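The following note sets out several points for the colleague who will work with this model. Please read the points alongside the sequence and structure shown here.

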Amino acid sequence: MIMRRNKYILIAILLWFFQTSSSFAQSAILDNFSAFESSGKVYLNWTVAEGSTCNGIQIYHSLDSVDWERIGDIGGICGSSTESVSYSFVHYMPTLNSINIYRLQLGWSGFSNLVLITVLDIKAGGYRIYPNPIVNNSTIYFKNTQKQISKLAVYSLAGSPVSQTTSNTDQFEIGQINLKPGFYFFTITNEDGQLISGKFLVL
């Protein structure tokens, strides 16, 4: 009688164990893995979809997608069986003037897709052109944290106006202006009248 009761208890324990294990073992479904840069730091954001879980999250960084460095850990069970759960991570020391590549390891679910972002060092003078000289396309990056409307004016070497365009972001795409080869000067002014000026070469 005692042995039969112990047998039933053992069966109940095994059933509970397998049910619990199977609920934890749902593969994590990742939504909205993205990155943005601000003030030289990279902010990673992602969401583990409702009904999926993983055992810990590791954040990895690379410059070539071959050699990876683990830069962060989020321990414990991640995700939830009842709701989507969002996470974030800040990489305080990305590699400047390079493409930074990120991926997540979601416990038993393996690795996520890759997210790539270029982090540029805005030099003295308030702008950076990348790449420079310009072959097909290039971008002028500048600080515009308040998202003010800014105007880019491009001039020939002789000082003649070539093009004007506006943006409320922190960049201008040079390739969209269709410039002929040669040296050009430019100015960027915002709503407060602040001025940035520089030059670039189109090959």
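1. The chain exposes about 12400 Å², of which carbon and sulfur atoms supply 54%. Accessible areas come from the Shrake-Rupley method with a 1.4 Å probe, and for residues only the protein chains shown count as cover.

2. This is a predicted model, in which local features need pLDDT of at least 70 and side-chain atom pairs count only at pLDDT 80 or more, while totals for chains, interfaces and linings use all residues. Residues are numbered from 1 along each chain as its sequence is written, and side-chain values use heavy atoms, with hydrogens and water left out.

3. The chain has 14 strands and 1 helix (DSSP runs numbered from the N terminus: E of at least two residues for strands, H or I of at least four for helices). Of its 203 residues, 32% are buried (under 20% relative accessible area, 1.4 Å probe, protein chains only).

4. Among contacts (heavy atoms within 4.5 Å) in the chain between residues at least 6 apart in sequence, 54% join residues at least 24 apart.

5. The structure holds 1 disulfide (a pair of cysteine sulfur atoms within 2.5 Å). Cys 54 and Cys 78 form this disulfide, with their sulfur atoms 1.7 Å apart. Cys 54 lies in strand E3 (residues 52–62) and Cys 78 in strand E4 (residues 69–80), so the pair ties together parts that are 24 residues apart in sequence.

6. The torsion about the S-S bond of Cys 54 and Cys 78 is about -130°, and the disulfide is therefore left-handed. Cys 54 is buried, at 0% relative accessible area; Cys 78 also counts as buried, at 1% relative accessibility.

Methods: Buried < 20%, exposed > 50% of the residue type's maximum accessible area, 1.4 Å probe, protein only.
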